[in-house]
Each structure stands twice: as structure tokens, then as C-alpha cells.
Amino acid sequence: MEIRQNFKLFVYNRWGQLVHSQKGEYIPWDGKQIGVDLPVATYYYIFYYSSDKEDIEKGSVTILR
């Protein structure tokens, strides 16, 4: 997958609360929020490839420790 400079990534918990976001510069997410490990759970992401809201990918990621 090619990472473009104008991407946006949002990660939410099961209650729909934003736990991570980034845009423009790709930095791998370490499963933390404000430096604190998030609980073992499934989280949901929305990845916008460009500013065009139609270029998106949605999915889930599970944190296991």
C-alpha cells in the first residue's frame, strides 16, 4: 500500500471514542493513547487515502498482549 502525504488515519474504540489519529506523516501506531497502553480489545479504523472522502479503507485491528 502506498502511503500518500495527504492521508488521514482515525482509530476508534468500541464506543466510538477516538483513541488515535494522524495525518500527513506515517508513524506506526503502538497501541497507546497519550503514552498509555490501551486495553486488549478490538479497535476500528478509517483510513482516508486522500482528501477525496471516497478513497477510504475501513477495518479493525485487535490488540493482544
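Ile 56 lies in strand S6. The model is a predicted one. Ile 56 has a relative accessibility of 32%. Buried means under 20% and exposed means over 50%, so Ile 56 counts as partly exposed.

Next, its surroundings. Leaving aside residues up to four places away in sequence, Ile 56 touches Phe 47, Tyr 48 and Tyr 49. Ile 56 and Phe 7 are 49 residues apart in sequence. In space, their C-alpha atoms are 9.5 Å apart.

Strand S6 spans 56-63 and is an edge strand. The sheet is open and has four strands. Their order is S2-S1-S5-S6, and the pairing is antiparallel. Strand S2, residues 18-23, is the other edge strand. Each of these two edge strands pairs on one side only. From one strand to the next, the twist averages 15 degrees.

Follow the order to the S2 end. Strand S1 covers residues 8-12. S1 and S2 pair in the antiparallel sense, over five bridges. Tyr 12 of S1 has Leu 18 in S2 as its bridge partner. Leu 9 stands opposite Gln 22 in S2.

S1 and S2 form a hairpin, with five residues between them. Gly 16 sits in the turn. Its phi is positive, at about 85 degrees.

Note on methods
Residues are numbered from 1 along each chain as its sequence is written. This is a predicted model: local features need pLDDT of at least 70, side-chain atom pairs count only at pLDDT 80 or more; totals for chains, interfaces and linings use all residues. Side-chain values use heavy atoms; hydrogens and water are left out. Two strands pair if DSSP finds at least two bridges between them. Axes are lines fitted to C-alpha atoms, for helices over the stretch in contact, and angles run from 0 to 180 degrees between N-to-C directions. Buried means under 20% relative accessible area, exposed over 50%, partly exposed in between (1.4 Å probe, protein chains only). Contact means heavy atoms within 4.5 Å.
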